[in-house]
Amino acid sequence: RLCPVAGALPAVSVALERAETRELLASMPLRSPSDSDLESYKSEQPLLSPGKSNPAEKSSSAGHRPPTAAFPDEPLRPKAGAAAMGVAALLVAGYLLLGKRHVSSSWHTSHVFPRVGGVTGTSYQREGGHDPGGFALCRQLIGALLMAALGYCREGSSIFALRRSDHRAIAKLGVFHYLNSVLFIWGFKLSTPFFASVAQLSIPVMTFVYTALAGLEVPTCLRTTGVCLIVLGCLLTALGSAHHEHAPAAGAAAGAAGSGSPPVPASLWVGVGCLALQTGSFSGLLVLQKALVQAYPVALVVAWGYSAGAVLALIGSVFDGSIHTLPANFNSPTAVYIILYSATAGAVVYYELVTFATKHLPSSFVACS
């Protein structure tokens with residue numbers, strides 16, 4: 001008869017213990033954890049050995065440069081980046097035409113594409129024009145000062161928060177800025193705006209190939225098709241414009257000469273070579289600043305990179321003597337207007353927009369602008 005009662009005793013004791021525990025917890029006042037509680041909690045956690053980092057932190061920062069404490073990460077805005085690309089393309093088109101007018105007194109080289117004027121074979125270009133080195137120096141010095149002031153106004157003293165490990169990348173970015181500016185001006189001076197525009201079509205192709213080979217971007221079928229369609233559309237438009245504009249002039253020149261076509265001067269091939277080197281430097285600029293804008297704001301990257309390029313332009317102008325041509329670039333109201341447009345809209349606003357687009361879009365897509 002006692003066996004059923006003895007079997008129920010353990011369950012009854014457990015129930016009594018739980019009731020007593022609930023009464024004890026209800027009677028205790030609530031309090032915040034003390035320092036002794038925190039120390040006991042830390043002592044129970046497993047310590048990482050020296051030289052090892054938390055795996056969770058390592059996985060969160062994989063794939064891009066981690067942002068610094070002064071510059072936290074920002075969400076991507078692809079639509080805003082695409083809009084910045086379109087505006088940048090319009091600004092650089094105006095800079096191309098005005099810059100060509102500044103360094104030469106006509107829009108085309110008469111030996112390559114002579115126009116039909118009052119007299120057959122009339123030359124529309126005077127020898128000389130403003131020096132390309134002096135023009136590039138004016139643009140970069142004014143642009144660098146404006147970019148530095150803009151960066152300080154937006155970021156304050158944080159604009160000087162550059163990691164020592166990134167100094168070499170900023171120096172390389174300055175080299176790309178300098179080469180891109182000087183070679184582009186010499187390219188459209190020795191050739192024509194038409195050749196300069198066609199040469200820029202190679203930038204997205206070179207950037208896409210480089211990023212794909214370096215493993216920075218995945219060459220998907222959709223992305224490859226998009227880049228090819230953009231380049232093909234621009235190329236067809238350029239070829240159609242060239243045929244419409246230069247075919248009558250070339251026919252008139254051939255008729256005046258009796259037979260054949262006018263000889264192509266050697267300066268044209270030098271200009272084409274400058275444009276080829278310029279497209280390569282601009283591709284390197286896009287790829288390099290893509291890595292920098294992952295850790296720093298756009299204003300800081302633009303200010304430091306373009307200022308480094310301005311320093312190189314100043315050093316180069318001392319060696320080639322173009323620093324003495326600075327006053328000649330302001331000898332007329334039109335020249336002053338071209339310099340101001342090239343330094344503000346053609347440099348400050350343009351590179352701010354391009355760098356902003358690079359932050360939110362792939363480099364190969366930004367190259368299409």
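This is a predicted model: local features need pLDDT of at least 70, side-chain atom pairs count only at pLDDT 80 or more; totals for chains, interfaces and linings use all residues.
Helix 10 and helix 12 pass each other in a right-handed crossing.

View 1. The axes of helix 10 and helix 12, the latter spanning residues 333–360, come within 9 Å and cross at roughly 55°. Helix 10 and helix 12 are therefore described as oblique to each other. On the side of helix 10, the residues that take part are Phe-282, Leu-285, Leu-286, Gln-289 and Lys-290, and these meet Tyr-350, Tyr-351, Val-354, Thr-355, Thr-358 and Lys-359 in helix 12. Sorted by class, the residues of this contact between helix 10 and helix 12 comprise 6 nonpolar, 3 polar and 2 charged.

**View 2. Helix 8 against helix 10.** Here helix 8, made of residues 202–213, packs on helix 10, made of residues 266–292, at an angle of about 50°, and the two axes lie 9 Å apart. That angle makes helix 8 oblique to helix 10. The crossing in which helix 8 passes helix 10 is right-handed. From helix 8, the residues in the contact are Ser-202, Ile-203, Met-206, Thr-207, Tyr-210 and Thr-211, while helix 10 contributes Gln-278, Thr-279, Gly-280, Phe-282, Ser-283, Leu-286 and Val-287. The contact of helix 8 with helix 10 divides into 6 nonpolar and 7 polar residues, with no charged residue among them.

**View 3. Trp-269 in helix 10.** Trp-269 is part of helix 10, and with a relative accessibility of 58% this residue counts as exposed. Between Trp-269 and Leu-190 there are 79 residues of separation in sequence, yet their C-alpha atoms are 8.3 Å apart in space.

**View 4. Helix 4 against helix 5.** The axes of helix 4, residues 78–103, and helix 5, residues 132–155, come within 10 Å of each other and cross at roughly 135°. Helix 4 and helix 5 are therefore oblique to one another, and their crossing is right-handed. Tyr-95, Gly-99, His-102 and Val-103 of helix 4 make this contact together with Pro-132, Phe-135 and Arg-139 of helix 5. By class, the residues joining helix 4 and helix 5 are 4 nonpolar, 2 polar and 1 charged.

View 5. Of its 369 residues, 37% count as buried. Among the contacts in the protein with a separation of 6 or more, 86% are accounted for by residues 24 or more positions apart.

**View 6. Stretches of the model with pLDDT under 50.** Over the protein the mean pLDDT is 74, and 65% of the residues reach 70 or more. Over residues 41–64 pLDDT stays under 50, and for this stretch the model has 6 contacts beyond four places in sequence. Over residues 245–257 pLDDT likewise stays under 50, and here the model has 14 contacts beyond four places in sequence.

Key: Residues are numbered from 1 along each chain as its sequence is written. Side-chain values use heavy atoms; hydrogens and water are left out. pLDDT is the predictor's confidence in each residue, from 0 to 100. Contact means heavy atoms within 4.5 Å. Axes are lines fitted to C-alpha atoms, for helices over the stretch in contact, and angles run from 0 to 180 degrees between N-to-C directions. Helices (H or I, at least four residues) and strands (E, at least two) are DSSP runs, numbered from the N terminus. Angles under 35 degrees count as roughly parallel, over 145 as roughly antiparallel, 65 to 115 as roughly perpendicular and the rest as oblique. A crossing is left-handed if the near helix is turned anticlockwise from the far one by less than a right angle, and right-handed if clockwise. Ala, Val, Leu, Ile, Met, Phe, Trp, Tyr, Cys and Pro count as nonpolar, Asp, Glu, Lys and Arg as charged, and the others, Gly among them, as polar. Buried means under 20% relative accessible area, exposed over 50%, partly exposed in between (1.4 Å probe, protein chains only).
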